[in-house]
Amino acid sequence: MFIITDEPLKAAEVEAAVARPDAGAIVTFQGVVRDNNLGKQVSYLVYEAYPPMAEKVMAQIGDEIAERWPGAQTAIAHRVGKLQIGEASVIIAVSTGHRADAFDACRYAIDRLKAIVPVWKKEVWEGGEYWIEGSAPASEDESAAIERLEKLDPGSS
Amino acid sequence: MATLRIYFFATHREAIGARDMTLEVADGSTVGDVWETLRERYPKLRTARPAAAVNQEYAEPETVVYDGDEIAFIPPVSGGV
């Protein structure tokens with residue numbers, strides 16, 4: 001499951017997409033809308049995507065994970081439209097045989113998503129709004145996400 | 001001539017005032033040429049040349065575009081959280 005949707009996200013549905021008998025671990029990550037950023041009080045966020053390409057790139061991240069952590073299965077759902085404080089903007093679930101891989105792979109998935117998936121976030125606060133400009137996708141490759149992982153846990157490769 | 005379908009997002013979409021448009025360019029034009037044409041036509045597109053995709057795959061500025069291609073200009077992404 002790799003979807004862009006304007007409906008509220010449900011973690012149980014994303015987790016169900018990766019559940020299987022030989023998995024000993026499912027790690028789920030939820031990104032939720034925070035009420036502040038850089039000292040400003042955020043009213044709400046608006047997410048916009050290039051849906052067909054975003055879904056393809058999310059599936060590509062799933063392929064990268066399956067290659068790096070054999071047997072891992074990944075599902076990603078990203079919401080678009082207006083999101084209120086506390087609502088989930090993205091849910092990622094990864095299932096693997098053992099827990100360490102599931103944590104690492106899930107971390108890899110959100111880092112890669114933020115770097116290369118064509119989705120944009122606008123912050124709206126009282127009296128203003130601003131498109132957040134994050135990563136320039138052309139300059140990102142898999143090694144950057146792996147480096148970030150290895151900094152967290154030098155033992156994992 | 002090559003007829004392209006062009007898509008814009010976030011800051012670009014707001015600067016141009018349209019989500020998408022049809023554009024005719026000379027045969028042999030590249031992704032970079034298309035961006036320069038748009039910058040001349042829409043002075044509000046002040047940003048440096050962004051990443052781009054051709055037919056939903058990331059492409060280089062030197063990538064040649066063909067009749068019927070779908071081009072998207074991709075401002076720095078900020079999905080997730």
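Analyst: The account below concerns one helix, H2 of chain A, and then its surroundings.

This is a predicted model, in which local features need pLDDT of at least 70 and side-chain atom pairs count only at pLDDT 80 or more, whereas totals for chains, interfaces and linings use all residues. Residues are numbered from 1 along each chain as its sequence is written, chains are lettered from A and ligands numbered from 1 in the order in which they are written, and side-chain values use heavy atoms, with hydrogens and water left out.

Chain A holds 4 helices and 10 strands (DSSP runs, numbered from the N terminus: H or I of at least four residues for helices, E of at least two for strands). Helix H2 covers residues 51–68, and its 18 residues should span 26 Å at 1.5 Å a residue; the end C-alpha atoms are 26 Å apart, which agrees. That expected span is 1.5 Å times one less than the number of residues.

Which residues of H2(A) are buried? They are Met53(A), Ala54(A), Val57(A), Met58(A), Ile61(A), Gly62(A), Glu64(A) and Ile65(A). Buried means under 20% relative accessible area, exposed over 50%, and partly exposed in between, with a 1.4 Å probe and protein chains only. An α-helix has 3.6 residues a turn, so residues three or four places apart point the same way.

Among these residues, Glu64(A) carries a charge contact: a salt bridge joins this residue to Arg112(A), with 2.8 Å between the closest N and O atoms. Glu64(A) lies in H2 and Arg112(A) in helix H3 (residues 99–116) of chain A, so the pair ties together parts 48 residues apart in sequence. The term salt bridge stands for a side-chain nitrogen of Lys or Arg within 4 Å of a carboxyl oxygen of Asp or Glu. Both partners count as buried, Glu64(A) at 8% relative accessibility and Arg112(A) at 3%.

Elsewhere in chain A, all 9 of the 9 residues of strand E8 (residues 88–96) are buried, so E8(A) is largely enclosed by the rest of the structure. E8(A) pairs in the antiparallel sense with strand E2 (residues 25–32) over 8 bridges and with strand E6 (residues 73–79) over 6 bridges, where pairing requires that DSSP finds at least two bridges between the strands. Ile92(A) in E8(A) stands opposite Phe29(A) and is also the bridge partner of Ile76(A).
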